[in-house]
Amino acid sequence: MWPFSKKGISGFSGSSTAEQVTHGIDAIGLTAIVTGASSGIGVETMRVLALRGVHVIVAVRNKVAANDIKEAILKEIPSAKIDVMELDLSSLESVKKFASEFNSSGLPLNILINNAGIMLCPFMLSKDNIELHFATNHLGHFLLTNLLLDTMKKTAHQSKKEGRIVNVSAKAYIFAYPEGIRFDKINDQSSYSKWGAYGQSKLANILHANELARRLKDDGVDIIVNSLHPGIILTNLSRHMSVIDGNYYLEKCDWETCDEKCSAGGSHYMLCSIAPASEGS
């Protein structure tokens, strides 16, 4: 049997697409924020959420690219509700501005998909002088989630519908530095490793999701939090990856999915965001 066709406890397999996972779901009335939805799996996530009736807020650095994609989706799905807002996750000021504008809009928030990220970049610092992987992949999303949490709690309470937060991590968390998250050496260029820095940020995504899920459960809040590995998918996220890097990643992480249209990777997002299969988990 082709390994990706083996079904898991959700009833779906590694080759299931985002549309298959959400078949028959009516999500009209839900509102979602998806970060980094101007390319890669984020685009497929935005498209399928809109297809199922979700009002999608696209939070991106490149508004021009996102608006072009929005127009293409509207041609396919004339009823799609998509808005584009600017967000640079490597800037804490930008995160605060985005959250303030969204919270002031009066819109509900049922779903937050922390999807944006960078991978295997050379050593760089963010606008806030924080190593760029950690700043973009973890700290930006950590702050964004915290600033939007009251709106999500209010929405879950008033709508009586379970809220969902999804942190997009990766199996590459296994590449984190041996000591784990090096809080005292985040900006240490002399011992910098692009794999260690990326893995460290992905480990932080998982720990953030686990701890937030625990706290919300203890507080009796009807919001579930998950982290996921979307699979190995060819997108522009890998633009800094050499052939050697690619082979190393495949050797260590194994093949999960490979889909040029990102539809299989998007299925993981759907399972965690609107599919009934993950309710309460």
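Analyst: Two residues are in contact when heavy atoms of the pair lie within 4.5 Å. With that cut-off, residues 24 or more positions apart make up 76% of the protein's contacts that have a separation of 6 or more. This is a predicted model: local features need pLDDT of at least 70 and side-chain atom pairs count only at pLDDT 80 or more, while totals for chains, interfaces and linings use all residues. Numbering starts from 1 along each chain as its sequence is written, and side-chain values use heavy atoms, with hydrogens and water left out.

User: What makes up the secondary structure here?

Analyst: There are 8 helices and 6 strands. Along the sequence the pattern reads α-β-α-β-α-β-α-β-α-β-α-β-α-α.

User: Why are β1 and β2 called paired?

Analyst: Two strands pair if DSSP finds at least two bridges between them. β1 (residues 31–35) and β2 (residues 55–60) are joined by 5 bridges and run parallel, so they pass that test.

User: Why is V56 called buried?

Analyst: Buried means under 20% relative accessible area, exposed means over 50%, and partly exposed is in between (1.4 Å probe, protein chains only). V56 comes out at 0%, so it counts as buried. This residue is in strand β2. Beyond its neighbours within four places in sequence, V56 contacts A32, V34, M46, L49, A50, K81, I82 and D83. Across the protein, 53% of the 281 residues count as buried.

User: What makes a group of residues a nonpolar core, and which residues have the most contacts inside the largest one?

Analyst: The members must be buried Ala, Val, Leu, Ile, Met, Phe, Trp, Tyr or Cys residues joined through side-chain atoms within 4.5 Å. The largest core has 26 residues, and M46, L49, V54, V56, V58 and I82 have the most contacts inside it. At least two residues of this core come from each of β1, α2, β2, α3 (63–76), β3, β4 (111–114) and β5. A second, separate core has 25 residues, including M85, A99, A209 and I223.

User: How do you know that E19 and R47 form a salt bridge?

Analyst: A salt bridge needs a side-chain nitrogen of Lys or Arg within 4 Å of a carboxyl oxygen of Asp or Glu. For E19 and R47 the N to O distance is 2.7 Å, so the pair qualifies. E19 sits in helix α1 (residues 18–21) and R47 in helix α2 (residues 40–51), so the bridge ties together parts 28 residues apart in sequence. E19 has 33% relative accessibility, so it counts as partly exposed, whereas R47 is buried at 13%.

User: How many salt bridges does the whole structure hold, and what separates E211 from R214?

Analyst: The search finds 10. E211 and R214 are 3 residues apart in helix α6, about one helical turn, and their closest N and O atoms are 2.5 Å apart. E211 is partly exposed at 29%, and R214 is partly exposed at 43%. Elsewhere, shared partners join E19, E44, R47 and E76 into one network.

User: Where do E101 and K97 lie, and why is K97 called exposed?

Analyst: Both are in helix α4 (residues 92–105), 4 residues apart, about one turn of the helix. K97 has 52% relative accessibility, which is over the 50% limit, so it counts as exposed. E101, at 39%, is partly exposed.
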